[in-house]
Amino acid sequence: MRRAWFFAALVLLSCTVCPARENVLRYETPAAYWEEALPIGNGRIGAMVYGDPQEEQFQLNEETIWSGAPYENWSPDALQNLPVVRRMLFEGKYMEAQNLADATFLSPVGEEMQYQTAGTLRLRFGEREVTGYRRELDLDRAVVRVTYKVGEVTFTEESFASFTDQLIVVRITADRPRSIQCALHYTTPMPSPEVHVLPGRILRLEGNGSPKGGLPGAVHYVTDTRVDVKGGRVTADDTAMYVSGASELLLHIAMGTNFVSYRDVSGDAAARTAAAMRNAARPYGKALAAHVAAYRAQYDRVALQLGAPDTPDDGRPTDQRVRDFRQTADPGLVQLYFQFGRYLLISCSQPGTQPANLQGIWNWRLKAPWCGNYTTNINVEMNYWPAEVTNLAELHEPFVQMARELAESGAQTARRMYGCRGWVLHHNSDLWRCTGALDHAYCGLWPTGGAWVCRHLWERYLYNADKDYLASVYPVMKSAAMFFVDFLVEDPHTGYLVAGPSCSPENRPAGQQSNLFMGVTMDNQLISDLFSNTVAAAQVLGLKDAFCDTLTTMRRRLPPMQIGRHGQLQEWFEDWDNPQDHHRHVSHLWGLFPGSQISPYRTPVLFEAVRNSLTQRGDASTGWSMGWKVCLWARLLDGNHAFKLITDQLTLVSPTVQGGQGGGTYPNLFDAHPPFQIDGNFGCTAGIAEMLLQSHDGALHLLPALPEVWTEGSVTGLRARGGFVVEQLVWKDGRVARAVIRSTAGGALRLRAAVPLQGEGLRPAEGLPENPLFAYQEVLKPLVSVEAPLRGNDLAEVYEYDCTTVPGQVVTVTFGDGAGRE
């Protein structure tokens with residue numbers, strides 16, 4: 001790349017970052033459907049709040065209410081059939097191989113266990129004529145608030161899932177005395193529930209998770225609701241409680257199960273619920289203040305303002321704003337949607353909890369869609385894409401802990417199914433950390449889930465630079481790499497080391513009936529990434545040894561990425577891609593995002609091929625797929641196309657639509673596959689962050705993919721690899737005006753921007769990045785078809801600067817007359 005000097009006039013401006021808009025979801029009617037209700041949660045328990053003045057509903061979840069019991073699901077017949085299936089694949093007998101794999105590789109238990117619900121607490125008020133109705137979720141406080149009038153009486157309902165007290169708290173007040181009367185009871189789809197009224201005005205619902213696959217329902221759950229009133233009385237019968245003549249109704253809902261770990265269900269659900277209920281003694285005002293303070297300690301780390309700081313709030317109902325977005329390009333709605341994604345992650349994943357599943361923690365069904373599991377061929381990883389960059393790092397911990405547990409259970413599967421050391425993970429897991437192949441060979445026989453999970457372990461280190469943390473996860477990474485050292489075999493036709501039997505998740509080539517092959521592109525990318533990161537981790541920890549040399553040698557024998565006759569990045573080893581294939585998975589593009597193997601500056605031919613592939617695959621798809629494509633187009637430095645995907649995702653979907661692959665957004669801003677899958681929310685949140693800041697390609701790239709519609713704005717608090725925090729990033733007229741960056745780990749900072757920058761200590765960048773946290777992975781030279789219609793990339797020129805930092809140092813840069821043009 002060439003360098004040149006560039007001079008520009010200094011832009012002087014005074015910058016304040018204080019979003020004028022409120023981050024509030026607003027509605028003018030009660031929820032008639034679950035996809036209109038509003039979610040609250042504290043990581044462990046959650047509820048969907050309907051806000052119905054006639055019959056209020058709080059649909060309740062506790063994260064460990066699952067079907068089944070501790071189990072393993074590896075197939076005892078896989079190992080002896082492994083060489084036969086591989087031989088068939090190398091001979092091109094793909095369908096025969098898949099049929100044999102279906103018969104011998106799949107879980108003897110059947111599909112994975114399913115995430116379930118405790119049930120619903122209902123408050124029956126009776127038919128009332130209501131006026132002045134308003135319902136809202138305040139993202140800045142994590143509180144749902146409902147107000148309305150019945151005659152001359154104003155009723156106010158507030159509900160939240162307390163982060164400090166481990167309770168769901170509901171308060172209903174009336175501005176005239178003795179105006180509240182209602183009946184409280186539970187409903188649930190769960191098998192054989194029991195309801196009791198206990199001393200202390202407690203209404204209890206308890207039961208067990210469903211049996212499944214020959215396993216008993218081992219999870220015992222208890223849900224207690226304590227009913228307190230002011231100025232009225234509470235009575236009860238065997239299964240319900242009744243409030244009459246109250247001025248205030250205060251509910252505390254506690255939930256617990258007997259789940260201890262994926263191997264142990266010896267806990268006492270009732271004792272856990274009772275322990276949480278003791279926190280109900282705290283006065284409401286103090287409980288609310290403590291909850292909000294704990295929540296805002298995480299939420300307030302990042303603020304986003306799209307548009308001028310004095311832009312007024314759009315007070316229209318949120319569902320109307322979504323309906324009109326294609327015409328309005330409402331920047332406030334994008335801002336709200338971004339923060340809603342952060343709110344959801346805070347609400348469904350906290351240190352010490354289970355990781356967020358396909359539903360987060362919110363599910364009303366006996367069997368959640370796709371069992372509400374941990375789908376590892378994209379979905380559970382996507383749940384955590386926003387964690388580091390949007391400054392919610394501790395919320396990543398449940399995923400990291402799951403990786404440790406999967407390494408334990410996956411060791412048995414690796415040995416029994418494949419005769420390999422280390423550990424393996426296929427495309428789905430659940431509360432019980434199953435790691436065998438599930439469902440069908442075409443999707444379930446995908447043994448590279450462990451490599452993707454380990455990418456998160458390494459990424460976390462790139463952000464925090466914490467060697468103690470890295471030492472704690474290195475054994476998991478090394479063991480995952482050890483599996484592939486044993487699992488890879490030489491392709492007799494090419495001499496490459498290839499993984500298989502495997503698939504490019506859930507897709508197959510045009511003209512083929514089989515999905516199983518050897519050496520598919522995504523597997524090659526994932527294994528290369530795992531081997532590279534394991535060696536890098538060993539170097540950081542001073543543990544580099546002969547095993548690392550083995551990883552390097554084997555990585556260089558993997559198939560390189562290939563560019564096919566349509567100019568596309570090949571999804572399979574053979575040039576089988578069809579430009580008319582619009583499949584929802586874009587697995588072969590993993591090397592661009594969330595991987596870091598493909599770069600506009602280091603691998604321009606691969607970069608062009610990815611763009612061609614993504615263009616051919618098209619935009620319209622499931623909600624989570626469009627979230628992934630927002631991230632991919634951001635990495636392709638095309639902010640306008642990324643914004644087009646956000647526009648497609650912010651298409652209003654009726655709650656009655658519960659199937660298909662059209663994507664979109666439900667009235668409560670939940671992602672629509674449809675049905676609801678939470679990963680689409682998280683993918684879009686991560687994608688918006690990627691449009692504003694990238695740090696995977698050797699530098700902090702400021703505004704790498706800013707769309708033309710966001711001419712002005714600011715963001716505070718985003719985190720970058722290298723241990724940097726962008727405390728302030730302000731732009732005007734579509735270009736960087738000011739950035740304030742704090743170094744938490746010290747070391748060299750490299751900045752990249754589309755405009756020249758100036759600041760104390762900046763110097764034009766030279767050579768490779770000095771900071772090892774910005775080190776590039778080695779990428780093998782791609783194989784390019786002679787028919788590939790490659791035309792090159794039209795990249796905007798950028799400026800790069802280096803700056804040496806120490807821990808705690810703050811670097812301030814502004815648009816100016818510096819050097820550093822690339």
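**Entry 1: charges over rings.** I began with Arg128, whose charged end sits over the ring of Phe155, 5.0 Å from the centre of that ring. I keep in mind that the model I am reading is a predicted one. I then looked up Arg86 and found its charged end over the ring of Phe487, at 4.7 Å from the ring centre.

**Entry 2: ring against ring.** Next I asked how many aromatic pairs the count comes to. The count comes to 34 aromatic pairs. I picked out the pair of Trp452 and Trp628, which is tilted, with 6.4 Å from centre to centre and 50° between the planes. I noted that Trp452 lies in helix H12 while Trp628 lies in helix H17, residues 623-635, so this pair ties together parts that are 176 residues apart in sequence. Is Trp452 buried or exposed? Trp452 has a relative accessible area of 0% and is buried, and Trp628 is buried as well, with a relative accessible area of 0%.

I turned from there to Phe483 and Phe487, whose ring centres are 5.0 Å apart and whose planes meet at 20°, so I wrote this pair down as stacked; the angle that counts as stacked is under 30 degrees. Both residues lie in helix H13, residues 467-487, and they are four residues apart, which is about one turn of the helix. Phe483 counts as buried at 0% relative accessibility, and Phe487 is buried with a relative accessible area of 1%.

**Entry 3: the largest pocket.** The largest pocket has a volume of about 590 Å³. Its lining is made by 30 residues, and those nearest the centre are Trp458, Ser532, Ala536, Ala775 and Tyr776. Which helix gives the most to this lining? Helix H14 does, with seven residues. Three helices each supply at least two residues of the lining, namely H12 (449-464), H14 (521-541) and H15 (546-555). By type, I listed the lining of the largest pocket as 13 nonpolar, nine polar and eight charged residues.

**Entry 4: the cavities.** I found a count of six cavities of 30 Å³ or more. The largest cavity holds about 210 Å³ of space, and of the 16 residues that line it, Tyr384, Trp385, Glu459, Pro594 and Arg721 lie nearest its centre. Helix H9 (385-389), H12 and helix H19 (679-692) are the elements that give two or more residues to this lining, and H12 gives the most, with five. The lining of the largest cavity divides into eight nonpolar, two polar and six charged residues.

The second largest cavity has about 130 Å³ of space, and its lining includes Asn524, Gln525, Ser528, Arg555 and Glu778. H14 gives the largest share of this lining, three residues.

Note on methods: Residues are numbered from 1 along each chain as its sequence is written. This is a predicted model: local features need pLDDT of at least 70, side-chain atom pairs count only at pLDDT 80 or more; totals for chains, interfaces and linings use all residues. Side-chain values use heavy atoms; hydrogens and water are left out. On a 1 Å grid over the protein atoms alone, a cavity is a set of points where a 1.4 Å probe fits but cannot get out, and a pocket is an open set with protein on both sides within 12 Å along at least five of seven lines; lining residues have an atom within 4 Å of a point. Grid points are joined across faces, edges and corners, and a volume is the space filled by probe spheres set on the points. Ala, Val, Leu, Ile, Met, Phe, Trp, Tyr, Cys and Pro count as nonpolar, Asp, Glu, Lys and Arg as charged, and the others, Gly among them, as polar. Rings of Phe, Tyr and Trp (its six-membered ring) pair if their centres lie within 6.5 Å; planes under 30 degrees apart count as stacked, over 60 as edge-to-face and the rest as tilted. Buried means under 20% relative accessible area, exposed over 50%, partly exposed in between (1.4 Å probe, protein chains only). A charge sits over a ring if NZ of Lys or CZ of Arg is within 6 Å of the ring centre and within 35 degrees of the ring normal.
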